[in-house]
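Please look through the structure below with an eye to its backbone geometry, its overall dimensions and one of its pockets. The report that follows takes up these topics in turn.

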Amino acid sequence: MGSRQVTSWQDRNITVAGLGVSGISAARALAGLGAVVTVVDNGDGDAHRARAAELAELGVEVRLGLLDDGARAGDVLPEGTDLVVTSPGWKPDSPLFAAAATAGVDVVGDVEIAWLLRGENAAPWLAITGTNGKTTTTQMLASILRAAGLKTAAVGNIGTPIIDVVTGDEKYDVLAVELSSYQLHWAPSVRAHSAAVLNLAPDHLDWHGSMEAYAADKGRIYEGNQVACVYNVADRATEDLVVEADVEEGCRAIGFTLGAPGPSMLGVVDGILVDRAFVENRQKNAQELAHVEDVNPPAPHNIANALAAAALARAFGVEPRAVRDGLRDFRPDAHRVAHVDEVAGVTYIDDSKATNTHAAEASLAAFEPVVWIAGGLAKGATFDELVRKSAKRLRAVVLMGADRALIAEALARHAPEVPVSDLERTDTGAMLAAVREAARLAEPGDTVLLAPACASMDMFANYNKRGDAFADAVRELAAESA
């Protein structure tokens, strides 16, 4: 499909892969435009059937579970299909997509459809991706834009489905768009006003197939940028993606750094966030934007998030005062470096959202000394570099979860002097045991940090449930200590 303009959706035969939130959004929108829509999903539970019944009322056919010939619905390309619209989680090597390729049928994602469905005078997109920090940065950006008096929404990989936003009655001045590597893979036409890649570290390699493919999909966010490609000075790979991108004439590379910024960068000087990119005579001048204390929480990785959000806002013409006010107004979502309580002089921090090593490293870098609670599903990750960089901060480590042995082995190699408590448990009750053990190992002034560096699904439904269990356990500990 590329960047070809779609003149009409009437009577097009479109197959939507997946009956989740984005799939339902795409099916509704396309059916409303006159397309003949079929949704396929291998699931066949009560929730799937309820969603299918709702779509059936709109004239959408839904094929669930096993078909009459025993094939899985999500593996078979419906006859007559001339476009497949996929939900983000479906892997590129899915049988459905192989069948589409054989038939010469394009496969795109919901973000691509949203881009193609934008009306005249559509709101520009300020887009954000990266291995970690995407949601926080997107929400920070939206807060800054609102402080500037702009009508905006945080969409894409968060919030309301992006198709619903671009086709709805409400009009926006600009959209803050979080894009995952999955979504970017299936969105060849998207051309943002400005975009940022926050960082790059191995993640989702089972989906992309290699680090090179993962990085290439992240880099798609820069294609066709109009004003600014924002990169992380501390992560050379993000700058390399800018160099490789095909952008509009005059689009600038803008760096962000936790150190003093050079020209065309944003950075930090004496506890002040400053801009040397969107000022007159940037060779000599800098503009104060905010203080480090205006960022919540003021951990190093979150300061980096704030600088990236500020860079995108400044690229859109937002005044410095709005950057400060927007950062002050911002409150992070739960389970992102969240302060739970202080018990017996020990601080308890919930960063259950740290589901990979890169996120855990950033979290550990914000505290010292730390009793670290870690473990879960490794997703193919290795932990040597994380442990090597964080060893000096560790008072002790408490491990649980299916792949805890991988972390234990890395600790034995790179931090043999650090006490390790292996709970040998994968049940949900292990969290209370982990918190009690961490409290035993901690000393007044320490931080007990839940930053698992792993996914949660071996023990919990999601990272939110894991974080809730941690907070509950801390509250129980506090009640006992009262």
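In this predicted model, Ser264 is found in the loop that runs between β11 (252–256) and β12 (265–269). The phi angle of Ser264 is near 65°, which is a positive value in a residue other than glycine. With a relative accessibility of 16%, Ser264 counts as buried, because the cut-off for that class is under 20%.

Val337 also has a positive phi, of about 50°, although it is not a glycine. Its place is the loop between α12 (320–329) and β15 (338–343), and at 11% relative accessibility Val337 counts as buried.

Pro297 lies in the loop between β14 (287–291) and α11 (300–315), whereas Pro369 lies in the loop between α13 (357–364) and β17 (370–374).

| Site | Angle and value |
|---|---|
| Ser264 | phi near 65° |
| Val337 | phi about 50° |

Taken along the principal axes, the box filled by the C-alpha atoms is roughly 70 × 65 × 40 Å.

Of the 482 residues in the chain, 55% are buried. Among the contacts with a separation of 6 or more, 65% are made by residues 24 or more positions apart. The chain exposes about 19,900 Å², and carbon and sulfur atoms supply 47% of that area.

Which residues lie nearest the centre of the second largest pocket? They are Asn121, Ala122, Ala123, Val166 and Lys171, which belong to a lining of 14 residues. By class, this lining has seven nonpolar, three polar and four charged residues, and about 250 Å³ of space lies in the second largest pocket.

Conventions: Residues are numbered from 1 along each chain as its sequence is written. This is a predicted model: local features need pLDDT of at least 70, side-chain atom pairs count only at pLDDT 80 or more; totals for chains, interfaces and linings use all residues. Side-chain values use heavy atoms; hydrogens and water are left out. On a 1 Å grid over the protein atoms alone, a cavity is a set of points where a 1.4 Å probe fits but cannot get out, and a pocket is an open set with protein on both sides within 12 Å along at least five of seven lines; lining residues have an atom within 4 Å of a point. Grid points are joined across faces, edges and corners, and a volume is the space filled by probe spheres set on the points. Ala, Val, Leu, Ile, Met, Phe, Trp, Tyr, Cys and Pro count as nonpolar, Asp, Glu, Lys and Arg as charged, and the others, Gly among them, as polar. Buried means under 20% relative accessible area, exposed over 50%, partly exposed in between (1.4 Å probe, protein chains only). Contact means heavy atoms within 4.5 Å. Accessible areas come from the Shrake-Rupley method with a 1.4 Å probe; for residues, only the protein chains shown count as cover. Helices (H or I, at least four residues) and strands (E, at least two) are DSSP runs, numbered from the N terminus.
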